[in-house]
Amino acid sequence: TIAAFALSLYVVLQVVASDATPEDEDAYRNLRTFTDVLALVRKNSVSDVKVQDLVEGAVKGMLQNLDPHSSYLSQENYK
């Protein structure tokens, strides 16, 4: 769940951070913000929310902000 996701993200960031540029470090700080917000939503939501739904929503929002032609398709929607 959220702990496994956060741990996986932490491990990946530690491996990549060894060769990090200042721009990369800024991206990692933003990912930390994302995981902090994700944890807060999970902890304080009045309804039961799934981590997968939250992450997919975040990815959709990120890609929609690129340009009018970019979007995210889940595996289910891609089929």
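## Residue Ala39

At a relative accessibility of 34%, Ala39 counts as partly exposed; here buried means under 20% relative accessible area, exposed over 50%, and partly exposed in between (1.4 Å probe, protein chains only). Ala39 is found in helix H2. Its C-alpha atom is separated by 9.2 Å from that of Val51, a residue 12 positions away along the chain.

## Basis of the model

This is a predicted model, in which local features need pLDDT of at least 70 and side-chain atom pairs count only at pLDDT 80 or more, whereas totals for chains, interfaces and linings use all residues. Residues are numbered from 1 along each chain as its sequence is written, and side-chain values use heavy atoms, with hydrogens and water left out.

## Overall architecture

The chain contains 4 helices and 0 strands, giving the pattern α-α-α-α when read along the sequence. Helices (H or I, at least four residues) and strands (E, at least two) are DSSP runs, numbered from the N terminus.

Of the 79 residues in the chain, 11% are buried. The accessible surface of the chain comes to about 6500 Å², and carbon and sulfur atoms contribute 56% of this area; such areas come from the Shrake-Rupley method with a 1.4 Å probe, and for residues only the protein chains shown count as cover. Among contacts in the chain with a separation of 6 or more, 29% are between residues 24 or more positions apart, a contact being heavy atoms within 4.5 Å.

## Packing of H2 against H3

The axes of H2 and helix H3 (residues 51-64) come within 11 Å and cross at roughly 135 degrees. H2 is therefore oblique to H3. Angles under 35 degrees count as roughly parallel, over 145 as roughly antiparallel, 65 to 115 as roughly perpendicular and the rest as oblique. Axes are lines fitted to C-alpha atoms, for helices over the stretch in contact, with angles running from 0 to 180 degrees between N-to-C directions.

The crossing of H2 and H3 is right-handed. On the H2 side, the contact is made by Phe34, Leu38, Val41 and Arg42, and on the H3 side by Val51, Leu54, Val55 and Ala58. A crossing is left-handed if the near helix is turned anticlockwise from the far one by less than a right angle, and right-handed if clockwise.

## Salt bridges

The structure holds 2 salt bridges, each defined as a side-chain nitrogen of Lys or Arg within 4 Å of a carboxyl oxygen of Asp or Glu. One joins Arg29 to Asp26, with the closest N and O atoms 3.7 Å apart. Both residues lie in helix H2 (residues 22-44), 3 residues apart, about one turn of the helix. Asp26 is partly exposed, at 39% relative accessibility.

Asp36 forms a salt bridge with Arg32, where the closest N and O atoms are 3.1 Å apart. Because Asp36 and Arg32 are 4 residues apart in helix H2, about one helical turn separates them. Asp36 is partly exposed, with a relative accessible area of 35%, whereas Arg32 is exposed at 53%.
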